[in-house]
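Visitor: Hi, could you walk me through this one? I'm new to reading structures, so please take it slowly.

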Amino acid sequence: MPIDILLRFFHVIGATVLLGTGAGIAFFMVAARRTRDPAVVAHVAGTVVLADAVFTATAVVVQPITGYLLAKTIGWPLTEGWIVLALVLYVVTGLFWLPVVWIQLKLRDIARAAALAGTALPPAFTSLYRIWFACGFPAFFSVLAIIWLMLARPSIALF
């Protein structure tokens, strides 16, 4: 199998994992929060934290490596407009994802404490949840835009 096909395969799998895990995590966290049951939220948030660590973090590492190797193998300069824009959006995604990881840990811990105490989720949970929710949109749409850029490879003049 030619190396460029193998690199494309792993790069597409990485992009799929980023998009799919992000969408799945968002769906399950929103669904858990809607129950208002601290035990359910704690369990789901724990699973979300694990999924982010196993799947998202792995894809975050794989993407730039396979992208760089793919560009080098095919002969695409890293200064190509669509590549530069994709890299900028990748950084934007990361700037929103990193706080989300921290917030997910805090949400999990707050929900666990409420479940153990037999109390409702406190206002601090709701405040953090709103920030988590808001951060998801720019990250998600940035990943969608990156995937579009990878597929369309439009001619974008930057300089």
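Visitor: How many positive and negative side chains does the protein have, and how far apart do the centres of the two sets lie?
Guide: Keeping in mind that this is a predicted model, the protein has 10 positive side chains and 5 negative ones, and the centres of these two sets lie 7 Å apart.

Visitor: OK, and the fold, how many helices and strands are there?
Guide: The protein has four helices and zero strands, so if you follow the chain from the N terminus, the elements run α-α-α-α.

Visitor: What sort of box do the C-alpha atoms fill?
Guide: Taken along the principal axes, that box is roughly 60 × 35 × 20 Å.

Visitor: Changing topic, what share of the residues is buried?
Guide: Of the 159 residues in the protein, 35% count as buried, while the accessible surface comes to about 9,200 Å², with 75% of that surface belonging to carbon and sulfur atoms.

Visitor: Which residues does Thr93 touch?
Guide: Leaving out residues up to four places away in sequence, Thr93 touches Ala139, Ser142, Val143 and Ile146.

Visitor: Back to the whole protein, what share of the contacts between residues at least 6 apart in sequence joins residues at least 24 apart?
Guide: Among those contacts, 78% join residues that are at least 24 apart.

Notes:
Residues numbered from 1 in each chain as written. Predicted model: local features only at pLDDT ≥ 70, side-chain atom pairs only at ≥ 80, totals over all residues. Heavy atoms only, no water. Helix = DSSP H or I, 4+ residues; strand = E, 2+ residues; numbered from the N terminus. Buried < 20%, exposed > 50% of the residue type's maximum accessible area, 1.4 Å probe, protein only. Contact = heavy atoms within 4.5 Å. Areas by Shrake-Rupley, 256 points an atom, 1.4 Å probe, with all protein chains shown as cover. Lys, Arg positive; Asp, Glu negative; His and termini not counted. Charge placed at Lys NZ, Arg CZ, Asp CG, Glu CD.
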